[in-house]
Amino acid sequence: MRSRRKPSARIGRRPSTTREGLSAIGIELFRARGFDETSVDQIAEAAGIARRTFFRYFPSKNAVPWGDFDGHLEQMRAHLDALPGHVPLAEALTSALLDFNTFPESEAALHRDRMDLILRVPALQAYSVVMYEGWRRVIAEYVARRVGAAADDHFPRTVGYLVLGVAMAAYEQWLADDSLALPELLSAGMRALYSGLDAAVPSLDGPDASPSSKKAALQ
């Protein structure tokens with residue numbers, strides 16, 4: 001339910017307001033009230049800003065969980081651009097993936113809530129497709145430069161989808177089991193990507209083998 005309280009005439013953009021800060025406030029409200037039940041007006045009120053000011057930071061409520069995603073994409077692009085040309089492609093992409101998904105331990109709970117919303121709220125799925133395209137584009141452009149192709153060529157495009165798949169699988173596993181470390185999941189996924197599926201299949205006696213896979217092998 002939207003608030004009926006009229007905004008104060010003094011409400012405006014606070015000097016300390018940032019896209020990430022506003023995102024954190026929105027995520028807190030989404031977790032407490034539900035995404036569909038939370039309005040832009042409620043987010044703005046909780047942040048102490050006017051509704052019109054909210055739209056200076058985000059084009060819609062659907063963008064709120066993503067925070068300063070464009071800024072993070074620029075950081076990933078800069079990270080890739082700064083890598084020496086002799087670094088193997090798979091190693092460069094792993095480095096960028098880990099850097100992009102590194103956050104302070106103090107922000108782990110917020111980031112978990114953020115990704116839970118992005119991956120599991122039906123209303124956000126269509127918007128997520130647009131955001132994922134931008135992420136894949138950064139990867140594809142880097143790969144294209146490395147191999148002398150265009151970003152829209154099949155190989156760079158495929159690598160963009162593959163690396164995004166590694167990230168998505170890692171986050172789904174991380175959300176399902178909070179005892180797991182996200183960097184280790186990301187690294188394991190990238191090893192499977194660049195070593196090949198046959199080489200990456202866990203040994204039935206190894207630490208990565210699940211009880212279900214051992215049982216299936218015996219049937």
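**Close-up views of helix packing in a predicted model**

**View 1. Helices α5 and α9 are roughly antiparallel to each other, therefore described as such because their angle is over 145 degrees.** This is a predicted model, in which local features need pLDDT of at least 70, side-chain atom pairs count only at pLDDT 80 or more, and totals for chains, interfaces and linings use all residues. Residues are numbered from 1 along each chain as its sequence is written, and side-chain values use heavy atoms, without hydrogens and water. Helix α5 spans residues 89-100 and helix α9 residues 182-195 (helices are DSSP runs of H or I, at least four residues, numbered from the N terminus). The two pack at an angle of about 160 degrees, their axes 10 Å apart (axes are lines fitted to C-alpha atoms over the stretch in contact; angles run from 0 to 180 degrees between N-to-C directions). A90, L93, T94, L97 and L98 of α5 meet P183, L186, S187, M190 and Y194 of α9 (contact means heavy atoms within 4.5 Å).

**View 2. Helix α1 (residues 19-33) packs against helix α6 (residues 108-120) at about 70 degrees, with axes 10 Å apart.** α1 is therefore roughly perpendicular to α6 (65 to 115 degrees). The contact involves E20, S23, A24, I27, F30 and R31 of α1, and L110, D113, R114, D116 and L117 of α6.

**View 3. Residues 39-58 carry the UniProt annotation "DNA-binding region", from an unreviewed entry.** Such annotations may be inferred rather than shown by experiment. The span is 75% helix and 0% strand (strands are DSSP runs of E, at least two residues), and its end C-alpha atoms lie 13 Å apart.

Notes:
Parallel < 35°, antiparallel > 145°, perpendicular 65-115°, else oblique.
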